[in-house]
Amino acid sequence: MERKIEEKLNELVLEKYPQGIYVKGVSRKSFPKTSFNLSSVFPRSIFDDKEEKLLIKFLRFENLGSIETEGDKIISYPSMEEVMKRIESGFEEVQLKSERVILSSIYENLAKIAMVRTSLNPIYNILKAVYEGGLKKSDLEKYPKADRYKKYISFLCGLNILKEESSKYVEGNYFIEIEKGLKREDRELVLNKVFGLVIKEGKAYLFNNLNITVVKPFIRVSNVYYSQSYLAGKLLSLKKENLLYYYNKMYGLKTPSVNFESYLDQLKRAGILEEDGFVEGNSKIFTKFSNQMVLEMRPKLVG
Amino acid sequence: MIYFNDLKQPLHQTELASCVPTCIKVILNHQFSLSLKEKQIKKWLGYTILGCVPHSIRNLSEKLKREGIELKEKIVKNEKELIDLIKNKHLPLVYFRANYLDGFSEEVEVDEDGNKYYHSVVLIGVDDEKEKFYIYDSLFSYGNVATLKIESVKVIMPYPKFISELEKTDNRVFWFERTKKKDRTIGEFENGKKD
(Lines give C-alpha, C1' and ligand atoms only; values in the text may rest on other atoms or scores of the structure.)
Protein backbone atom coordinates (compact mmCIF):
# COMPACT_ATOMS: atom_id res chain seq x y z
CA MET A 1 0.00 0.00 0.00
CA GLU A 2 1.35 3.43 -0.87
CA ARG A 3 1.99 5.70 2.07
CA LYS A 4 -0.47 8.43 1.10
CA ILE A 5 -3.45 6.16 0.49
CA GLU A 6 -2.59 4.11 3.57
CA GLU A 7 -2.79 7.25 5.70
CA LYS A 8 -6.08 8.24 4.10
CA LEU A 9 -7.57 4.81 4.68
CA ASN A 10 -6.48 4.83 8.31
CA GLU A 11 -7.98 8.28 8.82
CA LEU A 12 -11.24 7.12 7.26
CA VAL A 13 -11.41 4.04 9.48
CA LEU A 14 -10.72 6.09 12.60
CA GLU A 15 -13.37 8.62 11.69
CA LYS A 16 -16.15 6.45 10.30
CA TYR A 17 -16.01 3.15 12.14
CA PRO A 18 -15.81 1.97 15.72
CA GLN A 19 -12.88 0.17 17.29
CA GLY A 20 -11.69 -3.14 16.02
CA ILE A 21 -12.33 -2.35 12.34
CA TYR A 22 -9.24 -2.28 10.16
CA VAL A 23 -8.17 -2.39 6.51
CA LYS A 24 -7.04 -5.92 5.71
CA GLY A 25 -5.46 -5.22 2.34
CA VAL A 26 -6.21 -5.01 -1.36
CA SER A 27 -9.13 -7.17 -2.41
CA ARG A 28 -9.34 -6.22 -6.10
CA LYS A 29 -7.45 -4.12 -8.59
CA SER A 30 -9.24 -3.01 -11.71
CA PHE A 31 -7.47 -0.02 -13.20
CA PRO A 32 -7.94 2.79 -12.29
CA LYS A 33 -9.79 1.53 -9.21
CA THR A 34 -8.54 -0.43 -6.24
CA SER A 35 -10.71 -2.08 -3.55
CA PHE A 36 -9.56 -2.54 0.02
CA ASN A 37 -11.16 -5.08 2.30
CA LEU A 38 -12.50 -4.20 5.75
CA SER A 39 -12.10 -6.69 8.57
CA SER A 40 -12.73 -6.59 12.28
CA VAL A 41 -11.65 -8.08 15.57
CA PHE A 42 -14.11 -8.21 18.44
CA PRO A 43 -12.97 -8.82 22.01
CA ARG A 44 -14.20 -11.56 24.30
CA SER A 45 -13.12 -11.70 27.91
CA ILE A 46 -12.73 -15.02 29.63
CA PHE A 47 -11.85 -15.27 33.28
CA ASP A 48 -10.39 -18.49 34.58
CA ASP A 49 -11.46 -18.47 38.24
CA LYS A 50 -8.97 -21.09 39.37
CA GLU A 51 -5.97 -19.37 37.82
CA GLU A 52 -7.46 -15.93 38.55
CA LYS A 53 -6.44 -14.80 35.11
CA LEU A 54 -8.29 -12.68 32.57
CA LEU A 55 -7.87 -13.86 29.01
CA ILE A 56 -8.76 -11.46 26.24
CA LYS A 57 -9.43 -13.23 23.00
CA PHE A 58 -10.66 -11.85 19.72
CA LEU A 59 -13.20 -13.08 17.25
CA ARG A 60 -12.18 -12.16 13.73
CA PHE A 61 -14.67 -11.20 11.06
CA GLU A 62 -13.55 -10.69 7.49
CA ASN A 63 -15.04 -9.34 4.25
CA LEU A 64 -17.11 -6.67 5.95
CA GLY A 65 -17.15 -4.46 2.88
CA SER A 66 -14.84 -2.67 0.49
CA ILE A 67 -13.37 0.78 0.32
CA GLU A 68 -12.96 1.84 -3.31
CA THR A 69 -10.12 4.14 -4.26
CA GLU A 70 -8.94 5.76 -7.45
CA GLY A 71 -5.39 7.04 -7.38
CA ASP A 72 -5.04 8.53 -3.93
CA LYS A 73 -8.73 9.39 -3.63
CA ILE A 74 -11.33 7.44 -1.68
CA ILE A 75 -14.42 7.23 -3.85
CA SER A 76 -16.74 5.02 -1.80
CA TYR A 77 -16.92 3.10 1.45
CA PRO A 78 -19.61 1.12 3.31
CA SER A 79 -21.58 2.86 6.04
CA MET A 80 -20.93 2.01 9.66
CA GLU A 81 -24.43 0.48 9.85
CA GLU A 82 -23.69 -1.89 6.96
CA VAL A 83 -20.41 -2.97 8.53
CA MET A 84 -21.98 -3.48 11.96
CA LYS A 85 -24.81 -5.52 10.48
CA ARG A 86 -22.28 -7.81 8.85
CA ILE A 87 -20.46 -8.22 12.15
CA GLU A 88 -23.75 -8.93 13.89
CA SER A 89 -24.66 -11.60 11.38
CA GLY A 90 -21.12 -12.98 11.74
CA PHE A 91 -21.77 -13.33 15.46
CA GLU A 92 -25.03 -15.14 14.83
CA GLU A 93 -23.28 -17.46 12.42
CA VAL A 94 -20.55 -18.24 14.95
CA GLN A 95 -23.16 -18.95 17.61
CA LEU A 96 -25.22 -21.22 15.37
CA LYS A 97 -22.15 -23.11 14.23
CA SER A 98 -20.86 -23.62 17.73
CA GLU A 99 -24.31 -24.82 18.83
CA ARG A 100 -24.30 -27.32 16.01
CA VAL A 101 -20.82 -28.46 16.93
CA ILE A 102 -21.57 -28.81 20.63
CA LEU A 103 -24.67 -30.80 19.82
CA SER A 104 -22.72 -33.24 17.72
CA SER A 105 -20.16 -33.52 20.55
CA ILE A 106 -22.63 -34.19 23.37
CA TYR A 107 -25.75 -35.70 21.86
CA GLU A 108 -25.14 -39.15 23.32
CA ASN A 109 -24.79 -37.64 26.78
CA LEU A 110 -27.87 -35.46 26.34
CA ALA A 111 -29.99 -38.56 25.98
CA LYS A 112 -29.11 -39.45 29.58
CA ILE A 113 -30.65 -36.29 31.01
CA ALA A 114 -33.83 -37.19 32.86
CA MET A 115 -35.74 -34.06 31.87
CA VAL A 116 -34.90 -34.61 28.20
CA ARG A 117 -35.79 -38.26 28.41
CA THR A 118 -39.14 -37.51 30.05
CA SER A 119 -40.19 -34.88 27.55
CA LEU A 120 -39.19 -37.11 24.65
CA ASN A 121 -40.60 -40.24 26.21
CA PRO A 122 -43.01 -40.97 23.32
CA ILE A 123 -40.05 -40.94 20.93
CA TYR A 124 -38.12 -43.25 23.22
CA ASN A 125 -41.12 -45.61 23.38
CA ILE A 126 -41.37 -45.69 19.59
CA LEU A 127 -37.65 -46.45 19.22
CA LYS A 128 -37.93 -49.19 21.82
CA ALA A 129 -40.92 -50.81 20.09
CA VAL A 130 -39.16 -50.69 16.73
CA TYR A 131 -35.97 -52.12 18.21
CA GLU A 132 -37.92 -54.98 19.73
CA GLY A 133 -39.27 -56.21 16.40
CA GLY A 134 -41.09 -53.33 14.77
CA LEU A 135 -44.09 -51.16 15.54
CA LYS A 136 -47.30 -52.41 13.96
CA LYS A 137 -49.46 -49.76 12.38
CA SER A 138 -52.54 -51.40 13.89
CA ASP A 139 -51.02 -51.08 17.39
CA LEU A 140 -50.40 -47.42 16.85
CA GLU A 141 -54.13 -46.72 16.81
CA LYS A 142 -54.35 -48.06 20.37
CA TYR A 143 -51.87 -45.49 21.73
CA PRO A 144 -53.33 -42.61 23.70
CA LYS A 145 -52.79 -39.44 21.67
CA ALA A 146 -52.22 -41.54 18.53
CA ASP A 147 -52.08 -38.43 16.34
CA ARG A 148 -49.11 -37.08 18.25
CA TYR A 149 -47.35 -40.44 17.93
CA LYS A 150 -47.98 -40.37 14.18
CA LYS A 151 -46.31 -36.98 14.02
CA TYR A 152 -43.25 -38.33 15.84
CA ILE A 153 -43.12 -41.35 13.55
CA SER A 154 -43.27 -39.23 10.46
CA PHE A 155 -40.47 -37.09 11.92
CA LEU A 156 -38.35 -40.21 12.64
CA CYS A 157 -38.98 -41.60 9.16
CA GLY A 158 -37.88 -38.27 7.72
CA LEU A 159 -34.58 -38.62 9.57
CA ASN A 160 -34.05 -42.16 8.19
CA ILE A 161 -34.14 -43.51 11.70
CA LEU A 162 -37.36 -45.43 10.98
CA LYS A 163 -38.60 -46.94 7.76
CA GLU A 164 -42.20 -47.49 6.82
CA GLU A 165 -43.29 -50.90 5.56
CA SER A 166 -46.78 -51.93 4.54
CA SER A 167 -47.98 -53.02 7.98
CA LYS A 168 -45.34 -51.72 10.36
CA TYR A 169 -42.46 -49.37 11.05
CA VAL A 170 -38.98 -50.87 11.22
CA GLU A 171 -35.43 -49.66 11.77
CA GLY A 172 -34.19 -47.16 9.20
CA ASN A 173 -30.65 -46.84 7.86
CA TYR A 174 -29.23 -44.77 10.73
CA PHE A 175 -30.73 -47.07 13.32
CA ILE A 176 -29.24 -50.12 11.58
CA GLU A 177 -25.81 -48.49 11.34
CA ILE A 178 -25.68 -47.80 15.07
CA GLU A 179 -26.91 -51.28 15.86
CA LYS A 180 -24.27 -52.87 13.65
CA GLY A 181 -21.49 -51.24 15.63
CA LEU A 182 -22.77 -52.57 18.95
CA LYS A 183 -23.62 -55.96 20.39
CA ARG A 184 -27.19 -57.03 20.98
CA GLU A 185 -26.65 -57.10 24.74
CA ASP A 186 -25.90 -53.37 24.66
CA ARG A 187 -29.62 -52.76 24.26
CA GLU A 188 -29.71 -49.65 26.43
CA LEU A 189 -26.66 -48.24 24.70
CA VAL A 190 -28.12 -48.75 21.24
CA LEU A 191 -31.33 -46.99 22.24
CA ASN A 192 -29.40 -44.16 23.90
CA LYS A 193 -27.29 -43.62 20.82
CA VAL A 194 -30.28 -43.62 18.50
CA PHE A 195 -32.13 -41.34 20.89
CA GLY A 196 -29.17 -38.97 20.97
CA LEU A 197 -29.03 -39.03 17.20
CA VAL A 198 -32.69 -38.03 17.06
CA ILE A 199 -31.90 -34.96 19.17
CA LYS A 200 -28.84 -34.11 17.08
CA GLU A 201 -30.39 -34.50 13.66
CA GLY A 202 -33.85 -33.32 14.51
CA LYS A 203 -33.08 -30.38 16.79
CA ALA A 204 -34.67 -27.71 14.63
CA TYR A 205 -37.80 -29.75 13.98
CA LEU A 206 -38.14 -30.70 17.64
CA PHE A 207 -37.92 -27.04 18.65
CA ASN A 208 -39.97 -25.49 15.91
CA ASN A 209 -42.61 -28.03 14.97
CA LEU A 210 -43.00 -30.33 17.92
CA ASN A 211 -42.46 -27.54 20.41
CA ILE A 212 -40.01 -29.57 22.48
CA THR A 213 -37.66 -27.01 23.93
CA VAL A 214 -36.60 -28.76 27.11
CA VAL A 215 -33.26 -29.69 25.57
CA LYS A 216 -32.44 -26.09 24.62
CA PRO A 217 -30.91 -24.85 27.93
CA PHE A 218 -28.67 -27.92 28.15
CA ILE A 219 -27.29 -27.31 24.67
CA ARG A 220 -26.84 -23.63 25.41
CA VAL A 221 -25.09 -24.00 28.79
CA SER A 222 -22.77 -26.59 27.23
CA ASN A 223 -22.16 -24.31 24.28
CA VAL A 224 -21.25 -21.39 26.53
CA TYR A 225 -18.80 -23.44 28.57
CA TYR A 226 -17.11 -25.25 25.67
CA SER A 227 -16.96 -22.30 23.28
CA GLN A 228 -15.35 -20.16 26.00
CA SER A 229 -12.90 -22.98 26.67
CA TYR A 230 -12.22 -23.31 22.95
CA LEU A 231 -11.36 -19.62 22.73
CA ALA A 232 -9.14 -19.97 25.78
CA GLY A 233 -7.48 -23.02 24.23
CA LYS A 234 -8.00 -25.11 27.36
CA LEU A 235 -10.67 -26.43 29.70
CA LEU A 236 -11.65 -23.56 31.96
CA SER A 237 -12.38 -23.64 35.67
CA LEU A 238 -15.33 -21.34 36.25
CA LYS A 239 -17.33 -20.29 39.25
CA LYS A 240 -20.98 -21.24 38.84
CA GLU A 241 -22.09 -17.61 39.01
CA ASN A 242 -19.65 -16.64 36.26
CA LEU A 243 -20.86 -19.40 33.96
CA LEU A 244 -24.41 -18.18 34.61
CA TYR A 245 -23.29 -14.63 33.76
CA TYR A 246 -21.75 -15.77 30.45
CA TYR A 247 -24.86 -17.85 29.70
CA ASN A 248 -27.28 -14.99 30.29
CA LYS A 249 -25.07 -12.60 28.38
CA MET A 250 -24.52 -14.77 25.33
CA TYR A 251 -28.21 -15.57 24.95
CA GLY A 252 -29.71 -12.34 26.27
CA LEU A 253 -31.47 -14.17 29.10
CA LYS A 254 -32.25 -13.51 32.75
CA THR A 255 -32.15 -17.08 34.01
CA PRO A 256 -32.37 -17.19 37.80
CA SER A 257 -29.61 -19.12 39.55
CA VAL A 258 -32.03 -21.72 40.92
CA ASN A 259 -33.00 -22.83 37.40
CA PHE A 260 -29.39 -22.68 36.31
CA GLU A 261 -28.33 -24.92 39.21
CA SER A 262 -30.78 -27.54 38.05
CA TYR A 263 -29.42 -27.45 34.47
CA LEU A 264 -25.93 -27.75 35.83
CA ASP A 265 -26.86 -30.64 38.04
CA GLN A 266 -28.30 -32.60 35.11
CA LEU A 267 -25.32 -31.76 32.89
CA LYS A 268 -22.99 -33.13 35.56
CA ARG A 269 -25.01 -36.35 35.83
CA ALA A 270 -24.85 -36.74 32.08
CA GLY A 271 -21.05 -36.36 32.15
CA ILE A 272 -21.06 -33.19 30.05
CA LEU A 273 -19.73 -30.95 32.80
CA GLU A 274 -17.98 -31.65 36.08
CA GLU A 275 -17.77 -29.76 39.34
CA ASP A 276 -15.02 -29.80 41.87
CA GLY A 277 -15.19 -26.41 43.51
CA PHE A 278 -15.32 -24.94 40.01
CA VAL A 279 -17.33 -25.94 36.96
CA GLU A 280 -15.05 -27.84 34.63
CA GLY A 281 -15.44 -29.78 31.42
CA ASN A 282 -14.92 -33.22 30.02
CA SER A 283 -11.65 -33.54 28.12
CA LYS A 284 -13.05 -35.95 25.49
CA ILE A 285 -15.93 -33.61 24.68
CA PHE A 286 -13.53 -30.66 24.59
CA THR A 287 -11.21 -32.38 22.11
CA LYS A 288 -14.11 -33.39 19.89
CA PHE A 289 -15.61 -29.89 20.06
CA SER A 290 -12.30 -28.11 19.42
CA ASN A 291 -11.32 -30.27 16.46
CA GLN A 292 -14.65 -29.69 14.79
CA MET A 293 -14.67 -25.97 15.57
CA VAL A 294 -11.31 -25.50 13.89
CA LEU A 295 -12.77 -26.91 10.70
CA GLU A 296 -16.12 -25.13 10.95
CA MET A 297 -14.98 -21.67 11.90
CA ARG A 298 -12.01 -21.13 9.67
CA PRO A 299 -11.48 -18.40 8.55
CA LYS A 300 -14.20 -16.53 10.45
CA LEU A 301 -13.08 -17.26 13.97
CA VAL A 302 -9.59 -17.24 15.27
CA GLY A 303 -9.19 -17.83 18.96
CA MET B 1 10.06 13.71 42.04
CA ILE B 2 6.75 11.93 41.92
CA TYR B 3 3.59 13.70 40.81
CA PHE B 4 0.54 11.55 41.41
CA ASN B 5 -3.20 12.11 41.42
CA ASP B 6 -4.89 9.87 44.02
CA LEU B 7 -7.69 8.74 41.78
CA LYS B 8 -11.21 8.89 43.21
CA GLN B 9 -13.41 5.82 42.71
CA PRO B 10 -11.28 3.79 40.29
CA LEU B 11 -13.97 1.69 38.62
CA HIS B 12 -13.61 -1.74 37.06
CA GLN B 13 -15.12 -1.71 33.59
CA THR B 14 -18.38 -3.65 33.33
CA GLU B 15 -17.62 -5.17 29.96
CA LEU B 16 -14.75 -5.39 27.55
CA ALA B 17 -15.97 -2.67 25.21
CA SER B 18 -16.56 -0.25 28.10
CA CYS B 19 -13.06 1.07 28.68
CA VAL B 20 -13.75 4.50 27.19
CA PRO B 21 -16.96 5.33 29.10
CA THR B 22 -15.44 3.92 32.29
CA CYS B 23 -12.33 6.09 31.96
CA ILE B 24 -14.45 9.16 31.18
CA LYS B 25 -16.79 8.51 34.09
CA VAL B 26 -13.83 8.21 36.46
CA ILE B 27 -12.10 11.34 35.11
CA LEU B 28 -15.22 13.52 35.26
CA ASN B 29 -16.01 12.36 38.76
CA HIS B 30 -12.44 12.87 39.95
CA GLN B 31 -11.79 16.25 38.35
CA PHE B 32 -15.21 17.90 38.44
CA SER B 33 -17.24 15.78 40.90
CA LEU B 34 -19.56 15.20 37.98
CA SER B 35 -21.34 11.90 38.36
CA LEU B 36 -22.66 10.59 35.05
CA LYS B 37 -24.18 7.23 34.28
CA GLU B 38 -22.14 5.00 32.02
CA LYS B 39 -25.22 4.54 29.85
CA GLN B 40 -25.45 8.29 29.32
CA ILE B 41 -21.78 8.56 28.37
CA LYS B 42 -22.16 5.67 25.92
CA LYS B 43 -25.14 7.38 24.33
CA TRP B 44 -23.21 10.61 23.89
CA LEU B 45 -20.19 8.79 22.51
CA GLY B 46 -22.41 7.09 19.96
CA TYR B 47 -22.07 3.44 20.82
CA THR B 48 -23.06 1.07 18.04
CA ILE B 49 -25.42 -1.88 18.12
CA LEU B 50 -22.80 -4.31 19.35
CA GLY B 51 -21.51 -1.94 21.97
CA CYS B 52 -18.36 -1.17 20.00
CA VAL B 53 -16.27 1.73 21.16
CA PRO B 54 -15.90 4.72 18.87
CA HIS B 55 -12.36 5.75 18.06
CA SER B 56 -12.90 9.32 19.03
CA ILE B 57 -14.45 10.89 22.08
CA ARG B 58 -15.07 14.18 20.29
CA ASN B 59 -18.82 13.56 20.37
CA LEU B 60 -18.68 14.42 24.06
CA SER B 61 -17.46 17.90 23.43
CA GLU B 62 -20.78 19.66 22.87
CA LYS B 63 -22.53 17.88 25.73
CA LEU B 64 -19.84 18.70 28.25
CA LYS B 65 -19.67 22.35 27.26
CA ARG B 66 -23.00 22.78 29.00
CA GLU B 67 -21.32 21.70 32.19
CA GLY B 68 -18.56 24.18 31.68
CA ILE B 69 -16.11 21.43 30.78
CA GLU B 70 -13.96 21.54 27.71
CA LEU B 71 -12.56 18.52 25.95
CA LYS B 72 -8.99 19.13 24.85
CA GLU B 73 -7.06 17.09 22.33
CA LYS B 74 -3.46 17.09 21.26
CA ILE B 75 -0.91 15.09 19.32
CA VAL B 76 1.82 14.35 21.84
CA LYS B 77 5.18 13.05 20.73
CA ASN B 78 7.27 13.30 23.88
CA GLU B 79 6.89 12.76 27.58
CA LYS B 80 7.39 16.41 28.54
CA GLU B 81 3.92 17.51 27.45
CA LEU B 82 2.37 14.63 29.34
CA ILE B 83 4.31 15.44 32.49
CA ASP B 84 3.09 19.04 32.29
CA LEU B 85 -0.50 17.86 32.07
CA ILE B 86 -0.09 15.68 35.15
CA LYS B 87 1.65 18.48 37.06
CA ASN B 88 -1.37 20.64 36.28
CA LYS B 89 -3.64 17.99 37.84
CA HIS B 90 -5.12 16.88 34.56
CA LEU B 91 -5.88 13.26 33.81
CA PRO B 92 -4.84 12.54 30.22
CA LEU B 93 -6.82 9.80 28.48
CA VAL B 94 -4.81 7.89 25.91
CA TYR B 95 -5.39 4.95 23.62
CA PHE B 96 -3.10 1.97 23.48
CA ARG B 97 -3.33 -1.20 21.49
CA ALA B 98 -5.15 -3.79 23.62
CA ASN B 99 -2.13 -6.09 23.69
CA TYR B 100 0.06 -3.45 25.35
CA LEU B 101 -0.36 -5.41 28.59
CA ASP B 102 1.57 -8.40 27.32
CA GLY B 103 4.54 -8.83 29.54
CA PHE B 104 3.19 -6.26 31.98
CA SER B 105 0.78 -8.26 33.99
CA GLU B 106 0.38 -11.77 35.31
CA GLU B 107 -3.34 -11.13 35.67
CA VAL B 108 -4.20 -10.44 32.04
CA GLU B 109 -3.29 -12.22 28.84
CA VAL B 110 -4.24 -10.71 25.47
CA ASP B 111 -4.06 -12.62 22.21
CA GLU B 112 -2.18 -11.32 19.19
CA ASP B 113 -5.25 -9.74 17.56
CA GLY B 114 -5.15 -7.25 20.42
CA ASN B 115 -2.85 -5.20 18.18
CA LYS B 116 -5.88 -4.35 16.06
CA TYR B 117 -8.01 -3.14 18.93
CA TYR B 118 -7.76 0.15 20.83
CA HIS B 119 -7.97 0.29 24.59
CA SER B 120 -8.20 3.49 26.62
CA VAL B 121 -6.30 4.14 29.84
CA VAL B 122 -5.71 7.18 32.04
CA LEU B 123 -2.38 8.64 32.98
CA ILE B 124 -2.48 9.41 36.69
CA GLY B 125 1.09 10.01 37.72
CA VAL B 126 4.74 10.32 36.86
CA ASP B 127 8.04 9.66 38.54
CA ASP B 128 10.40 12.00 36.73
CA GLU B 129 13.50 10.57 38.39
CA LYS B 130 12.82 6.95 37.53
CA GLU B 131 11.20 8.09 34.28
CA LYS B 132 8.03 6.11 34.72
CA PHE B 133 4.34 6.79 34.21
CA TYR B 134 1.57 5.52 36.48
CA ILE B 135 -1.50 4.31 34.63
CA TYR B 136 -5.08 3.58 35.61
CA ASP B 137 -6.43 0.72 33.50
CA SER B 138 -10.06 -0.15 34.15
CA LEU B 139 -9.50 -3.72 32.98
CA PHE B 140 -8.14 -4.36 36.46
CA SER B 141 -10.25 -4.50 39.54
CA TYR B 142 -9.01 -2.27 42.36
CA GLY B 143 -11.58 -3.58 44.83
CA ASN B 144 -14.09 -1.19 46.30
CA VAL B 145 -11.50 1.39 47.32
CA ALA B 146 -12.54 5.02 47.49
CA THR B 147 -9.20 6.15 46.10
CA LEU B 148 -6.52 4.56 43.99
CA LYS B 149 -3.23 5.22 45.77
CA ILE B 150 0.18 4.98 44.18
CA GLU B 151 1.00 1.65 45.86
CA SER B 152 -2.06 0.00 44.28
CA VAL B 153 -1.35 1.05 40.70
CA LYS B 154 -1.19 -2.04 38.47
CA VAL B 155 0.52 -0.58 35.41
CA ILE B 156 3.74 1.40 35.72
CA MET B 157 5.42 2.10 32.40
CA PRO B 158 8.84 3.51 31.48
CA TYR B 159 8.80 6.62 29.26
CA PRO B 160 10.12 4.95 26.07
CA LYS B 161 7.56 2.14 26.25
CA PHE B 162 4.76 4.63 26.90
CA ILE B 163 5.71 6.83 23.95
CA SER B 164 6.14 3.80 21.72
CA GLU B 165 2.66 2.51 22.66
CA LEU B 166 1.20 5.96 22.08
CA GLU B 167 2.75 6.11 18.61
CA LYS B 168 0.84 2.97 17.66
CA THR B 169 -2.40 4.89 18.15
CA ASP B 170 -1.33 8.12 16.44
CA ASN B 171 -0.08 9.95 19.57
CA ARG B 172 -3.51 11.32 20.39
CA VAL B 173 -4.12 12.50 23.95
CA PHE B 174 -7.40 13.82 25.40
CA TRP B 175 -8.06 15.67 28.64
CA PHE B 176 -10.72 17.85 30.22
CA GLU B 177 -10.53 21.40 31.54
CA ARG B 178 -12.98 23.61 33.37
CA THR B 179 -14.10 26.62 31.35
CA LYS B 180 -15.52 29.73 32.97
CA LYS B 181 -19.00 29.52 31.56
CA LYS B 182 -21.44 26.86 32.61
CA ASP B 183 -24.51 26.79 30.35
CA ARG B 184 -26.75 24.21 31.88
CA THR B 185 -26.26 21.36 34.28
CA ILE B 186 -26.28 17.71 33.30
CA GLY B 187 -28.95 17.29 35.98
CA GLU B 188 -31.17 19.68 34.08
CA PHE B 189 -30.42 17.81 30.89
CA GLU B 190 -31.27 14.43 32.38
CA ASN B 191 -34.45 15.81 33.93
CA GLY B 192 -35.92 16.18 30.50
CA LYS B 193 -34.86 19.58 29.21
CA LYS B 194 -33.81 18.37 25.82
CA ASP B 195 -31.58 20.11 23.32
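Which residue in β6(B) does B:Tyr95 stand opposite? B:Tyr95 stands opposite B:Ser120 in that strand. The model is a predicted one.

**Overall form of chain A**

- Chain A contains 12 helices and 10 strands.
- The radius of gyration of chain A is 25 Å, well over the 19 Å that the globule rule gives for 303 residues, so the chain is more spread out than a compact globule.
- Along the principal axes, the C-alpha atoms of chain A fill a box of roughly 80 × 50 × 35 Å.
- Buried residues make up 35% of the 303 residues of chain A.
- Among the contacts in chain A with a separation of 6 or more, 63% come from residues 24 or more positions apart.

- Helix α4 of chain A spans residues 121-131, and its residues A:Ile123, A:Ile126, A:Leu127 and A:Val130 are buried.
- Why do these residues lie on the same side of α4(A)? They cover an arc of only 95° around the axis, which puts them on the same side of the helix.
- The partners against which the buried residues of α4(A) pack, all in chain A, are the strands β6 (135-136), β7 (162-164) and β8 (168-171) together with the helices α6 (146-158) and α8 (187-208).
- After α4(A) comes A:Gly133, which has a positive phi, near 125°.

**The sheet β6-β8-β7 of chain A**

- In chain A, 3 strands form an open sheet in the order β6-β8-β7, with antiparallel pairing.
- β6 and β7 of chain A are the edge strands, each pairing on one side only.
- The antiparallel pairing of β6(A) with β8(A) extends over 2 bridges.
- A:Lys136 has A:Lys168 of β8(A) as its bridge partner.
- Helix α6(A) lies across β7 and β8 of chain A and runs at about 105° to β7(A).

**Contact between chains A and B**

- Chain A provides 20 residues to the contact, and chain B provides 21.
- On the side of chain B that touches chain A, strand β5 (residues 108-110) of chain B gives the most, with 3 residues.
- That side of chain B comprises 13 nonpolar, 3 polar and 5 charged residues.
- Strand β3 (residues 53-61) of chain A is joined to β5(B) by 3 bridges, and the two strands run parallel.
- Which residue of β5(B) is the bridge partner of A:Leu55? The partner is B:Glu109.

**Strand β4 of chain B**

- Strand β4 of chain B covers residues 93-97; 4 of its 5 residues are buried, so the strand is largely enclosed by the rest of the structure.
- β4(B) is joined by 5 bridges to strand β6 (residues 118-127) of chain B, and these strands run antiparallel.
- Within chain B, B:Tyr95 is the residue opposite B:Ser120 of β6(B).
- β4(B) also pairs with strand β10 (residues 172-178) of chain B, in the antiparallel sense and over 2 bridges.
- B:Leu93 stands opposite B:Phe174 in β10(B).
- In a regular strand the side chains alternate between the two faces of the sheet.

Technical notes
Residues are numbered from 1 along each chain as its sequence is written. Chains are lettered from A and ligands numbered from 1 in the order in which they are written. This is a predicted model: local features need pLDDT of at least 70, side-chain atom pairs count only at pLDDT 80 or more; totals for chains, interfaces and linings use all residues. A residue is buried if 20 or more other C-beta atoms lie within 10 Å of its own, exposed if 12 or fewer, and partly exposed in between; C-beta atoms are placed from the backbone. The arc is that of the directions from the helix axis to the C-beta atoms. Two residues are in contact if their C-beta atoms, placed from the backbone, lie within 7 Å. Two strands pair if DSSP finds at least two bridges between them. Axes are lines fitted to C-alpha atoms, for helices over the stretch in contact, and angles run from 0 to 180 degrees between N-to-C directions. The radius of gyration is taken over C-alpha atoms; the globule rule is 2.2 Å times the number of residues to the power 0.38. Ala, Val, Leu, Ile, Met, Phe, Trp, Tyr, Cys and Pro count as nonpolar, Asp, Glu, Lys and Arg as charged, and the others, Gly among them, as polar.
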